[in-house]
Amino acid sequence: HLSGTGIGDLGDVALLPFSGGDSIKPVGLFNKDTEKATPGYYAVRLDNFGVNVELTSTDKVGFHKYTYDNPKDRRVMLDLGHILQPNWGHKLVDNSYLFVNDSTVEGTVRTQGWAHFHSVSYRITFSEPIETVYQYIGGKLRQDSLFLRINTEEDLKFHYKFPEKAEPLYVKVALSMVDTDGAEKNLEAELPGWDFEATRIKSAEIWNDALNAIEIQSADPTVMVNFYTALY
């Protein structure tokens with residue numbers, strides 16, 4: 001997210017784990033009091049779906065961990081039409097998407113808004129094979145064959161359903177401002193494995209070093225929290 005510009009961009013590659021429902025665009029509900037956030041880590045429970053979400057990252061790769069209450073209905077929505085502020089002129093210009101294999105997808109999203117030409121490429125890899133893919137193009141579910149490659153100016157949404165399993169589902173989301181090859185290279189260079197906890201610890205260490213570049217002292221904990229939150 002951009003801070004202070006008055007017009008929202010980014011938010012380009014939106015993922016949402018969910019269970020149940022037939023909505024094209026499901027919406028997760030959560031309690032702010034149960035959120036957890038520290039530098040390099042975020043966690044939230046999606047109460048209406050019964051899913052615990054944990055996030056960490058490397059420099060260019062997001063690492064997601066989804067734990068479902070219902071192991072029989074594990075789904076993930078990839079929303080490639082997600083716009084932060086459509087009322088300020090932020091709009092989708094172009095979508096290219098490729099179903100690489102049963103656990104990997106990639107593509108490029110182009111929008112116009114605060115930035116006249118904003119292009120983000122991604123490569124998303126799931127820790128398990130996808131069982132079923134539901135494709136929504138322009139808000140309509142495709143009833144015929146699965147399109148492995150799509151190029152369109154229309155809104156794209158995908159619902160991925162995974163086999164029944166009690167273990168968490170992990171997702172790696174690599175980004176590049178250049179192209180999908182760059183996103184793939186970033187993924188291979190920064191996050192070749194699937195150790196979520198080790199990645200979380202490493203991210204915290206990097207942030208700790210950065211935040212320790214400036215040290216202050218205060219008897220008021222609120223002052224300390226405000227300062228380091230602003231620095232973060």
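Modeller: Residues are numbered from 1 along each chain as its sequence is written, and side-chain values use heavy atoms, with hydrogens and water left out. In this predicted model, local features need pLDDT of at least 70 and side-chain atom pairs count only at pLDDT 80 or more, while totals for chains, interfaces and linings use all residues.

Biologist: What makes strand 2 and strand 12 edge strands?

Modeller: Strands are DSSP runs of E of at least two residues, and helices are runs of H or I of at least four, numbered from the N terminus. Two strands pair if DSSP finds at least two bridges between them. Nine strands form an open, antiparallel sheet in the order 2-3-4-5-14-9-8-7-12. Strand 2 (36-38) and strand 12 (149-152) each have a single partner strand, so one side of each lacks a neighbour in the sheet.

Biologist: Why are strand 3 and strand 4 called paired?

Modeller: Five bridges join strand 3 (residues 41-46) and strand 4 (residues 51-57) in the antiparallel sense, and the definition asks for at least two. Leu 46 has Val 51 of strand 4 as its bridge partner.

Biologist: Which strands does helix 2 touch?

Modeller: Helix 2 (residues 196-211) touches strand 3, strand 4, strand 5 (61-68) and strand 14 (169-176), where contact means heavy atoms within 4.5 Å. The direction of helix 2 makes about 50 degrees with that of strand 4; axes are lines fitted to C-alpha atoms, for helices over the stretch in contact, and angles run from 0 to 180 degrees between N-to-C directions.

Biologist: Why is strand 6 described as largely enclosed?

Modeller: Buried means under 20% relative accessible area, exposed over 50%, and partly exposed in between (1.4 Å probe, protein chains only). Six of the six residues of strand 6 (residues 74-79) are buried, so the rest of the structure largely encloses this strand. On one side lie Arg 74, Val 76 and Leu 78, and on the other Arg 75, Met 77 and Asp 79. Strand 6 runs antiparallel to strand 1 (residues 14-18), with five bridges, and to strand 13, with six bridges. Ala 14 stands opposite Asp 79, and Leu 78 opposite Phe 158.

Biologist: What makes a set of residues a nonpolar core?

Modeller: The members are buried Ala, Val, Leu, Ile, Met, Phe, Trp, Tyr and Cys residues joined through side-chain atoms within 4.5 Å. The largest such core has 32 residues, and Tyr 66, Leu 78, Tyr 97, Ile 124 and Tyr 160 have the most contacts inside it. Strand 13 (residues 156-162) contributes the largest share, four residues. A second, separate core of 10 residues includes Val 61, Ala 174, Leu 191 and Phe 196.
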